Every structure is written in C-alpha cells, then in structure tokens.
Amino acid sequence: YQRRVRAFSFPFVHPSQKEPRMIQSIFILNGSGEIIIEKHYRGLISRTICDSFWAQVSKASSNEEVPPIIITSKYYLFHVHSNGIFYLAAVTQEVPPLMVIEFLYRVIEIFADYFETVTEEIIKDHFTTVYQLLDEMVDNGMPFNSEPNILKEMIAPPTIYTSIVSSVTGASNVNAELPNGSLSTIPWRKLGVRHTTDEIFFDIQEEIDSIVDKNGQVISCEVSGVVTCRCFLSGMPDLTLIFSNPRLLSDVSFHPCVRYNRWEVDKVISFVPPDGTFKLMTYRVTQGIQLPIYVKPQITFGAGGSSGGGSVNIMVGPKFTLGKPIEELNLTIPFSKAVATTNLKPNHGTIEFDEIEKVCVWKIGKLPKDKSPLLTGTLTLISSTQIPDSSPTILVDFEVSSYTASGIKVESLTLHNEKYRNFYKGVKMLTKAGNFQVRS
C-alpha cells in the first residue's frame with residue numbers, strides 16, 4: 001500500500017511517454033446536469049463534454065446504474081455520485097482508473113470535512129473555497145495534496161468571522177506561507193502541535209450485509225468495518241495498536257500514516273497519527289461472523305384454500321449480542337402489488353403501511369428483553385388477481401452499541417516518543433445492519 005501511495009504522488013513515467021497521464025479537468029454538476037463549478041488543469045476543455053456524460057445519465061434508470069467510466073471519441077470520463085451531486089473528471093489518456101475514482105471520493109471527503117454537509121447550495125455559497133481546494137489538491141493534473149491538516153493550514157475553513165472579514169477587507173483565506181509540515185517526512189501531521197488535554201479515541205463501526213433464508217440458515221454474510229480515529233495529542237506521538245484477533249481481517253486499507261510492513265509481518269498497526277479526526281483503516285470480515293438477531297417469517301398466500309388472502313406471522317429476537325441491547329430495530333416488508341389491504345397487529349412497536357407502494361414498515365425501536373416482538377395478521381388480495389408466486393424479502397435495520405459482529409477488539413494501545421502527564425484513550429464500537437435480508 002505504501003508503494004501504491006508513493007506511485008499516487010509521484011507517478012512513474014515510461015521513457016516512451018512524453019508526459020505522465022493526468023487529469024485534464026474536473027466538473028461538478030447538480031442533479032439536473034447544470035455545471036456548478038469547473039476546474040481545468042491542462043488546457044481548457046469545452047463544457048460540451050458534460051453533454052455526453054449527461055446523455056448517459058438520462059439513459060440510466062437510476063444514478064447508480066450510470067457507468068463509472070464513460071469513453072468518448074476523445075476523453076475518458078470518470079465520475080462518482082454523492083448526495084445529489086456528480087463529480088466528473090475528464091482524462092485524455094488511459095490512466096489507472098481506481099486512482100481517479102479514489103481521488104474524486106477524496107475530494108468529497110475533504111469537502112465534507114470543510115463544510116460538514118455538501119449540497120449544491122453549500123458549494124455555491126463557498127464557491128471560492130471550493131475552487132481553491134481543487135487548485136491545491138491537484139498539481140498540473142496530478143493528485144498532489146489530499147491531507148486535511150495540510151489543506152486547513154493553507155486554506156482556512158469558512159466561518160462567520162472569516163466571511164465578514166473577507167467581505168469587508170477583501171482578504172483571502174489562503175495562507176501566504178507554506179505549511180510547516182509540508183516538507184517533512186510526515187506531511188500528514190503538523191509540527192509543534194500542543195493540546196491542553198492529550199487524548200485519542202477510536203470508533204469501530206461495522207455493517208453487516210447478509211442474506212438469511214426462511215429457516216434461519218445464513219446464505220451469505222459479510223462485515224464491512226471502518227476504524228475512525230480522533231487524535232488530540234501534543235508533539236509527535238508514535239502509536240502501536242494491537243487487535244485481539246487481527247487474522248480475521250481481509251481487504252485491509254490503511255491511512256498513509258500506517259507502516260504497512262509492520263502490519264504484513266506482525267499484524268500490528270504502527271503509525272504517527274494526524275492531528276484531528278481521520279479514517280485510520282477499513283476492512284472486511286467473511287468468516288466467524290455471529291449475527292446479533294434472528295427473524296422467523298411465515299408469510300403465506302391462499303391460506304385455507306382461499307385465493308383472496310394470506311397470513312403473516314413474523315417473530316424477532318436477539319441471537320448473539322453478548323448482552324448488548326439491539327436498538328433502532330425496523331423491519332421493511334415490500335408486499336406484492338396484488339395486496340389490497342392488510343390487517344396487521346404487533347405485540348410491540350408500531351406499523352406503517354403505504355397503500356400505494358404496498359410497503360409495510362414495522363418500527364420496533366429497542367428490542368425488549370422480556371418478550372419477543374411478534375407481528376401477526378391477514379392480507380387481502382385484489383379480486384381477480386393471481387396469487388403471488390413468491391413471498392416478500394424482509395429488509396432489517398438495527399444498531400448494537402459496544403459490540404462488533406466480527407469479534408474484533410482492541411487489545412492494547414502503546415505510546416512511544418512522547419510522555420504525557422494525563423493520557424486519555426478510549427474505544428467505541430457500533431454494529432448496524434447494511435443490506436440485511438431475510439427471505440420469507
């Protein structure tokens with residue numbers, strides 16, 4: 001990974017190439033195809049290139065169906081979509097596609113770090129800051145600086161005070177001096193950091209993507225995890241983080257601050273952290289997963305020999321949570337369009353039924369310990385319609401605090417190179433449902 005990071009910053013140019021392969025331009029478009037902002041790095045590209053891209057968007061049934069890479073007669077168009085906004089990069093030569101796509105996602109992360117929420121109105125209101133960020137993050141078409149700490153030293157985040165000062169005095173929010181950490185071997189961390197309280201906290205958040213059949217057998221199951229770090233340590237700390245069972249982790253991706261060789265050899269995360277909040281690592285787990293919840297559905301049509309109705313019986317309960325409560329529990333049941341009405345009664349929670357979309361949402365909330373929530377009732381089908389061939393697939397949403405489905409836990413955190421009078425550290429864990437389906 002360190003080799004990939006270095007290649008990302010300093011691309012290898014084959015002698016037969018006259019110049020490295022670079023990003024020509026970046027366009028940011030709203031949900032109707034209007035260009036909000038454009039930034040050109042290697043010559044001006046006509047806006048008409050966005051028409052070719054938008055033609056593909058119009059053909060797709062949804063934004064997720066648009067190909068991430070679109071080839072035109074002259075350009076390769078890379079794009080990502082987030083919060084109703086399209087981020088489009090135009091390239092004239094073949095490039096590593098993941099480099100461009102990863103950079104576009106990095107742009108979104110930087111915008112979110114600066115503005116908290118990224119919408120069309122926010123980008124328009126902070127047009128100058130957005131343009132300055134795009135200018136500093138790319139040097140002559142190559143991704144150059146994507147570290148939030150360095151960027152914030154160069155371009156001050158917008159505040160009410162800076163907005164008033166700039167409007168009155170016309171002063172720029174760009175620092176005239178080079179950041180003190182930009183020339184060091186650790187560019188992601190500022191020099192001379194001082195905090196009144198030295199503390200570091202880790203947030204481990206996992207999402208479970210699973211398919212379970214009606215008998216409770218797991219067909220497929222995968223956990224995607226993210227470790228976010230909030231670091232407020234003085235000086236230049238060197239940390240070593242050890243997990244209790246790191247061999248379970250696969251497809252691990254680290255922040256550039258992590259020494260990848262230590263992980264490959266010892267499965268130990270050794271790093272000098274940036275100051276502030278950053279994503280330390282992401283991972284996947286595909287084995288040894290314990291589902292925290294069970295759902296037993298029984299949805300039948302034509303019960304009792306009648307073709308005009310059906311019955312519903314769904315039970316929910318905890319399965320493996322180590323005593324942690326299951327919260328924000330909701331079940332979404334998309335019934336067939338042949339269903340006319342429902343008569344469903346839960347012994348816990350509330351029911352919402354959309355008569356148009358034929359979708360029932362059972363909101364349970366916090367799973368009670370003294371009883372298992374049960375949903376029972378009957379369905380009435382539209383007259384002169386055929387009985388549905390299959391029962392609906394139930395979508396389950398939930399959250400479990402202080403629990404990881406993969407079993408990953410922090411065993412120890414060791415501090416080197418600095419000594420603090422009071423050193424505070426902590427770990428918070430959260431597991432929630434991703435695409436969790438139960439077939440009925």
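**Strands, salt bridges and a buried aspartate**

Strand E18 (residues 350-354) runs antiparallel to E19, and 5 bridges join the two; strands here are DSSP runs of at least two residues, helices (H or I) are runs of at least four, and both are numbered from the N terminus. Two strands are taken as paired if DSSP finds at least two bridges between them. The model is a predicted one, so local features need pLDDT of at least 70 and side-chain atom pairs count only at pLDDT 80 or more, while totals for chains, interfaces and linings use all residues. Residues are numbered from 1 along each chain as its sequence is written, and side-chain values use heavy atoms, with hydrogens and water left out.

Back to E19: Phe 353 has Cys 360 as its bridge partner in that strand. The hairpin of E18 and E19 has 4 residues between the strands, and Lys 358 takes a positive phi near 60° there. Strand E16 (residues 326-334) also runs antiparallel to E19, joined to it by 6 bridges, and Asn 330 stands opposite Lys 363 in E19. The side chains of E19 (residues 359-365) alternate. Cys 360, Trp 362 and Ile 364 point to one face and are buried, where buried means under 20% relative accessible area, exposed means over 50%, and partly exposed is in between (1.4 Å probe, protein chains only).

Strand E5 (residues 85-91) is another story, with 7 of its 7 residues buried. Ile 85, Tyr 87, Ala 89 and Val 91 point one way, Phe 86, Leu 88 and Ala 90 point the other way, and all are buried. E5 pairs with strand E1 (residues 23-29) in the antiparallel sense over 6 bridges, with Phe 27 standing opposite Leu 88. Strand E4 (residues 76-82) runs antiparallel to E5 as well, joined to it by 7 bridges, and Val 80 has Tyr 87 as its bridge partner. E4 and E5 form a hairpin with 2 residues between them, and Asn 83 in the turn has a positive phi of about 55°.

Across the whole chain, the secondary structure comes to 8 helices and 23 strands. Of the 440 residues, 41% are buried. Taking contacts (heavy atoms within 4.5 Å), residues 24 or more positions apart account for 70% of those with a separation of 6 or more. The chain exposes about 22800 Å², and carbon and sulfur atoms supply 50% of it; accessible areas come from the Shrake-Rupley method with a 1.4 Å probe, and for residues only the protein chains shown count as cover.

Salt bridges, meaning a side-chain nitrogen of Lys or Arg within 4 Å of a carboxyl oxygen of Asp or Glu, come to a count of 15. Glu 38 forms one with Arg 47, the closest N and O atoms being 2.4 Å apart. Glu 38 has 18% relative accessibility, so it counts as buried, whereas Arg 47 is at 46% and therefore counts as partly exposed. Glu 120 and Lys 124 meet in another salt bridge (2.9 Å, N to O). Both lie in helix H4 (residues 120-125), 4 residues apart, about one turn of the helix. Glu 120 counts as partly exposed because its relative accessibility is 21%, and Lys 124 is partly exposed too, at 42%.

The side chains of Arg 230 and Asp 203 also meet in a salt bridge (3.8 Å, N to O). This pair links distant parts of the chain: Arg 230 is in strand E9 (residues 218-232) and Asp 203 in strand E8, 27 residues apart. Arg 230 is partly exposed at 30% relative accessibility, while Asp 203 is buried at 19%. Elsewhere, Arg 106, Glu 109, Glu 147 and Lys 279 are linked in a network of salt bridges.

Asp 198 also lies in E8 (residues 198-212), but this residue is buried with no salt bridge. The nearest side chain of opposite charge, Arg 189, is 7.3 Å away, counting Lys and Arg as positive and Asp and Glu as negative, and leaving out His and the chain ends. What Asp 198 does have is a polar contact of 2.8 Å between its side chain and that of Ser 234. A polar contact is a pair of N or O atoms within 3.5 Å; within protein, one must be able to donate a hydrogen and the other to accept it, and residues adjacent in sequence count only if both atoms are side-chain atoms. Leaving aside residues up to four places away in sequence, Asp 198 touches Phe 232, Leu 233, Ser 234, Tyr 420, Asn 422, Phe 423 and Tyr 424.
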